[in-house]
Amino acid sequence: MKSLKIRIMSKLNPKTELERLKERGLIYGKNFNFFNSHIDYGHCWLVEIGDDVTITNSTILAHDASTKLYFGKSKIGRVKIGDRVFIGFNSVILCNVRIGNDVIVAAGSVVTKDIPDNCIAAGTPARIIGKTSDYLDKHRALMKEKPVYDTYWPYKTETQIAAIKKDLEFDFGYDE
């Protein structure tokens with residue numbers, strides 16, 4: 001009877017992907033934002049993610065099966081992602097890569113090598129294109145000139161949306 005109750009409860013309250021990955025050994029810190037992304041299920045125990053990390057629509061791989069056909073073995077390696085890291089939409093982080101603290105990985109990047117602290121990386125393969133601190137200083141200054149919107153996106157009214165669309169016809173701004 002107890003096993004039936006557990007099966008029914010698991011169907012009513014299924015575990016999230018993140019919960020399943022954590023059970024399999026994924027380590028992640030506080031304030032981890034994981035949106036529509038994939039972490040290598042078979043080798044997630046080789047992945048460690050720090051505090052204040054956001055991963056958006058991306059893939060983290062701790063294995064490379066390209067050698068499997070030829071040798072019967074996949075290449076595996078740890079993936080370490082530091083604190084205050086943003087991994088942009090549609091990026092891929094390959095095995096045996098370390099990403100430092102305060103790093104931005106631009107959308108669509110393929111990270112094949114380590115990225116040190118305070119860097120922005122972009123491209124395929126990803127290359128360092130600047131310092132995170134310089135990028136943030138630039139946008140801090142621009143936020144004093146450009147439109148800044150404070151209502152979180154799901155709570156915007158139709159009137160607010162129309163005003164923002166008009167404001168941004170030929171420019172950009174910043175949103176909550």
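Analyst: Happy to. Two strands count as paired here if DSSP finds at least two bridges between them. With that cut-off in hand, β15 and β16 pair in the antiparallel sense, over 4 bridges. Please keep in mind that this is a predicted model.

Let's start with that hairpin. Ala122 has Arg127 of β16 as its bridge partner. Between the strands β15 and β16 the hairpin has 4 residues, and Gly123 takes a positive phi near 110° there.

On to the other neighbour of β15. Strand β13, residues 104-105, pairs with strand β15, residues 119-122, in the parallel sense over 2 bridges. Residue by residue, Ile104 is opposite Ile120 in β15, and Val105 is opposite Ala121 in β15.

Now widen the view to the whole sheet. It is open and consists of 6 strands in the order β2-β5-β10-β13-β15-β16, with mixed pairing. The edges are formed by β2 (33-35) and β16 (127-131), each of which pairs on one side only.

A helix belongs in this picture too. Helix α4, residues 132-142, lies across β13, β15 and β16, and runs at about 50° to β16. Within helix α4, Arg140 and Asp137 are 3 residues apart, about one turn of the helix. Arg140 and Asp137 form a salt bridge, with 2.8 Å between the closest N and O atoms. Arg140 is partly exposed because its relative accessibility is 49%, and Asp137 also counts as partly exposed, at a relative accessible area of 45%.

That pair is one of several, as the structure holds 7 salt bridges. Arg84 counts as partly exposed, with 42% relative accessibility, and Asp102 is partly exposed with a relative accessible area of 27%.

A further salt bridge joins the side chains of Glu48 and Arg78, at 3.3 Å from N to O. Here Glu48 belongs to strand β4 (residues 47-49) and Arg78 to the loop between β8 (75-76) and β9 (79-81), so parts 30 residues apart in sequence are tied together. Glu48 has a relative accessible area of 30% and is therefore partly exposed; Arg78 is also partly exposed, at 35% relative accessibility.

Leu69, Tyr70 and Phe71 make a nonpolar surface patch of about 470 Å². Tyr70 is part of helix α3, residues 68-71. With a relative accessible area of 63%, Tyr70 is exposed, because anything over 50% counts as exposed.

To come back to your request, the part to keep in view is β15: it pairs with β13 in the parallel sense and with β16 in the antiparallel sense, and helix α4 lies across β13, β15 and β16.

Note on methods. Residues numbered from 1 in each chain as written. Predicted model: local features only at pLDDT ≥ 70, side-chain atom pairs only at ≥ 80, totals over all residues. Heavy atoms only, no water. Patch = residues over 30% accessible without salt bridge, like charges linked within 9 Å, V, L, I, M, F, W, Y side chains within 5 Å. Areas by Shrake-Rupley, 256 points an atom, 1.4 Å probe, with all protein chains shown as cover. Salt bridge = Lys/Arg side-chain N within 4 Å of Asp/Glu carboxyl O. Buried < 20%, exposed > 50% of the residue type's maximum accessible area, 1.4 Å probe, protein only. Contact = heavy atoms within 4.5 Å. Axes fitted to C-alpha atoms, helices over the stretch in contact; angles between N-to-C directions.
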